[in-house]
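Hello,

Here is the structure I promised to pass on to you. Have a look at it first, and then read my notes below with the model open beside you.

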Amino acid sequence: MKTFSILPPKAYVQALSDEINNLVKNTAITQKVITAINNREQCIANLYQMTSENINTAQEQVLKILEELRLISLAVVENVMKLKEQLNIHENLKIPILHKGKDYLAEMSNDIEFLRESAFGTWLNFSGKSDLFFLSLSRPVKYQFGAEPQKLLPITPVMLERIKKAENFLINEHLLAVTQKENAPTQKLAFNLQVQRLPMANYTNLN
């Protein structure tokens, strides 16, 4: 039988006490996860509004939102990773982060399909593969005939390394979800997050 953790009962009590103290100080990891998800949902809403704008005049604004969305999406994944580590959840056990009744990490790869199907998707030359962190926009590509290859969204080596870790985590979570569904279809363990409006945060420095 799989267990959530190797923590003894007293350690759980201490962990709960620490989390309550952190909640009071607004530094709890659960709050950070909720804030990141809330910020991402707002960013996606802003992006959706931009798809109705003229593509010739809104390209710079769309790229700015995409860069922000990359950072916030990374913040969501990294904070979930920290939450799982803090609760000492076994690496071979997946507990979904539920938002509006759905596994949020699983939904992240599909919730900007509207952009792919818009005129901006054609301009950005999105591939058919999932690209949650828009790495395809950070590779040199000729976006106009005869023009020099350019990167629409520059990326630093440090950021790329963080994204690779996040992607590996998401792949592992997906595989765990498939395995657990096959082995225990009645399992209903999950973190059900009630996401509320919270102030936007700066996720440019999450190290």
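E113 counts as partly exposed, at 28% relative accessibility. Its salt-bridge partner is R116, and the closest N and O atoms of the two are 3.3 Å apart. R116 is partly exposed as well, with a relative accessibility of 26%. Both residues sit in helix α5, three residues apart, which is about one turn of the helix. Please keep in mind that this is a predicted model.

R40 pairs with D111, with 2.6 Å between the closest N and O atoms. This bridge links distant parts of the chain: R40 belongs to helix α2, D111 to the loop between α4 and α5, and 71 residues separate them. R40 has a relative accessibility of 1%, so it counts as buried, the cut-off being under 20%.

E78 and R162 form another salt bridge, their closest N and O atoms being 3.0 Å apart. Here helix α3 supplies E78 and helix α7 supplies R162, and the two residues are 84 apart in the chain. Both ends are buried: E78 has a relative accessible area of 13%, and R162 is at 9%.

In soluble globular proteins, nonpolar side chains tend to be buried together. The largest nonpolar core in this model has 23 residues, and V76, V77, L105, M108, F133 and L170 are those with the most contacts inside it. Two or more residues of this core come from each of α2 (29-50), α3 (55-86), α4 (104-107) and α7 (157-183). Helix α3 gives the most, with seven residues.

Leaving aside neighbours within four places in sequence, V76 is in contact with A36, I37, R40, Y104, L105 and M108. Apart from this core lies another, made of 21 residues, including A58, F134, L137 and L152.

F134 has something else to show you. Most residues other than glycine have a negative phi. The phi of F134, however, is positive, near 55°. You will find F134 in the loop between α6 and α7, where it is buried at 1% relative accessible area.

K100 also has a positive phi, near 60°. This residue is in the loop between β1 (97-99) and β2 (102-103). Is K100 buried or exposed? With a relative accessibility of 71%, K100 counts as exposed.

**Two aromatic pairs**

A pair of aromatic rings is described by the distance of the centres and the angle of the planes. Searching the whole structure gives two such pairs. In one of them, the ring centres of Y48 and F114 are 5.1 Å apart and the planes are at 75°, so the pair is edge-to-face. Because Y48 is in helix α2 and F114 in helix α5 (residues 113-116), the pair ties together parts that are 66 residues apart in sequence. Y48 is exposed, with a relative accessible area of 53%.

The other pair is F120 with W123: centres 6.4 Å apart and planes at 70°, so this one is edge-to-face too. F120 is buried at 0% relative accessibility, and W123 is buried at 18%.

Enjoy exploring!

Notes: Residues are numbered from 1 along each chain as its sequence is written. This is a predicted model: local features need pLDDT of at least 70, side-chain atom pairs count only at pLDDT 80 or more; totals for chains, interfaces and linings use all residues. Side-chain values use heavy atoms; hydrogens and water are left out. A nonpolar core is a set of buried Ala, Val, Leu, Ile, Met, Phe, Trp, Tyr and Cys residues joined through side-chain atoms within 4.5 Å. Buried means under 20% relative accessible area, exposed over 50%, partly exposed in between (1.4 Å probe, protein chains only). Helices (H or I, at least four residues) and strands (E, at least two) are DSSP runs, numbered from the N terminus. Contact means heavy atoms within 4.5 Å. Rings of Phe, Tyr and Trp (its six-membered ring) pair if their centres lie within 6.5 Å; planes under 30 degrees apart count as stacked, over 60 as edge-to-face and the rest as tilted. A salt bridge is a side-chain nitrogen of Lys or Arg within 4 Å of a carboxyl oxygen of Asp or Glu.
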